[in-house]
Amino acid sequence: MTGRLLAISDLHVSYQENREIVEQLKPTDDGDWLIVAGDVGEKVADVRWVLRTLRERFANVMWVPGNHELWTTRDDPDQSRGEERYQRLVAMARNLGVVTPEDPYPVWDGEGGPVIVAPLFVLYDYSWWPAGTSSTEEAMATAQAAGIVGTDEVLLHFDPYSGRDAWCRARVEQTEPRLEAAAAELPTVLVNHFPLVRHPTDVLRYPEFALWCGTDLTAEWPTRFRAREVVYGHLHIPRTTWQDGVRHQEVSVGYPREWSRRATPPGRLVPVLER
């Protein structure tokens, strides 16, 4: 197989500057695959435009939802919520030929392969408590006192589950058997919008925000499921870190006010599995 396995996330095309970045994204080879690790935009129509645009250019596109895709905003004609919204996004992506977390995991046979690329949809369960707290209730109170409350609390609905934490646990239970089967065949590349381990959140400017960033339930997944690499977004802190011998790559573009301060140009497609 020719081409490269590439990744990007947090395109946030509600900003015109970011929309222009998407218009300029192109493969380096006809065989390039692209991972889109969530937070394309808030409106279903915007998500459709991005995925259609990229699918027309790349040999394969894999998408996982971020929290922004799952928001139900007043100005989106599609007012679906929670699980229904997720399933509508999955159906739309499939119609475009984009691989979703509900589809069979594809096998990458190019450089660094063969590996199974596993697009995941796992949320957070408020288990990444700030230092000095010993319960979710105390952690949430500490975050609120610091003025840190995730917008998800207003816009990310969790119907029909009892809470976002319950939805997260359900996704973990649904996903683990599939990853067990995948890892029995080949090494993996794990793709999720939220980091699968907590250490990337150690550099957050507001550490309380880690509550809305992941779950302890996935802490062992990279080693347990033979991950060669973990690809994620959400934090808007693009960088590479290592834990237990596994490379973790945050591949977000972020908001214009963030990427405009960086030395590197925005919209860089991050190579996966390349050393």
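Visitor: How many salt bridges does the structure hold?
Guide: The structure holds 15 salt bridges, where a salt bridge is a side-chain nitrogen of Lys or Arg within 4 Å of a carboxyl oxygen of Asp or Glu. Before we go on, this is a predicted model: local features need pLDDT of at least 70 and side-chain atom pairs count only at pLDDT 80 or more, while totals for chains, interfaces and linings use all residues. Residues are numbered from 1 along each chain as its sequence is written, and side-chain values use heavy atoms, with hydrogens and water left out.

Visitor: Are R85 and D78 buried or exposed?
Guide: Both R85 and D78 are buried. For the cut-offs, buried means under 20% relative accessible area, exposed means over 50%, and partly exposed is in between, using a 1.4 Å probe and protein chains only.

Visitor: And D159, which side chain does it meet in a salt bridge?
Guide: D159 meets R81, at 3.3 Å from N to O. D159 sits in the loop between α6 (152-155) and α7 (164-185), and R81 in the loop between α3 (67-70) and α4 (82-95), so the pair ties together parts that are 78 residues apart in sequence. Helices (H or I, at least four residues) and strands (E, at least two) are DSSP runs, numbered from the N terminus. D159 is partly exposed at 32% relative accessibility, and R81 is partly exposed at 35%.

Visitor: What about R224, which residue does it form a salt bridge with?
Guide: The partner of R224 is E176, with the closest N and O atoms 3.0 Å apart. Since R224 lies in helix α8 (residues 221-224) and E176 in helix α7, the pair ties together parts that are 48 residues apart in sequence. R224 counts as partly exposed at 37% relative accessibility, and E176 does too, at 21%.

Visitor: Which residues do salt bridges with shared partners join into one network?
Guide: That network is made of D76, D78, E84, R85 and R88.

Visitor: Switching to rings: how many aromatic pairs does a search of the whole structure find?
Guide: The search finds ten aromatic pairs. Rings of Phe, Tyr and Trp (its six-membered ring) pair if their centres lie within 6.5 Å; planes under 30 degrees apart count as stacked, over 60 as edge-to-face and the rest as tilted. One of the pairs is Y15 with Y255, a tilted one at 5.4 Å centre to centre and 50° between the planes.

Visitor: Where in the chain are Y15 and Y255?
Guide: Y15 is in the loop between β1 (5-8) and α1 (16-24), and Y255 is in the loop between β9 (246-250) and α9 (256-259). The pair links distant parts of the chain, 240 residues apart. Y15 is partly exposed at 31% relative accessibility, whereas Y255 is buried at 15%.

Visitor: Why is the Y124 and Y126 pair edge-to-face?
Guide: Their planes are at 80°, with the ring centres 5.4 Å apart, so the pair counts as edge-to-face. Y124 is buried at 0% relative accessible area, and Y126 is buried at 8%. Y124, Y126, F194, F209 and W212 form one aromatic cluster.

Visitor: Which ring does R19 lie over?
Guide: R19 lies over the face of W49, 4.0 Å from the ring centre. Likewise, the charged end of R178 sits over the ring of Y105, at 4.1 Å from its centre. The rule asks for NZ of Lys or CZ of Arg within 6 Å of the ring centre and within 35 degrees of the ring normal.

Visitor: Now H236, where is it found?
Guide: H236 is in the loop between β7 (227-232) and β8 (239-243), and is buried at 10% relative accessibility.

Visitor: Which side chains does a polar contact join to H236?
Guide: Polar contacts join the H236 side chain to that of H12 at 3.1 Å and to that of E258 at 2.7 Å. A polar contact is a pair of N or O atoms within 3.5 Å; within protein, one must be able to donate a hydrogen and the other to accept it, and residues adjacent in sequence count only if both atoms are side-chain atoms.

Visitor: Last topic: how many disulfides does the count come to?
Guide: The count comes to zero disulfides, taking a disulfide as a pair of cysteine sulfur atoms within 2.5 Å. The sulfur of C168 is 12 Å from the closest cysteine sulfur, in C213, which is too far for a bond. C168 is buried at 0% relative accessibility, and C213 is buried at 0% as well.
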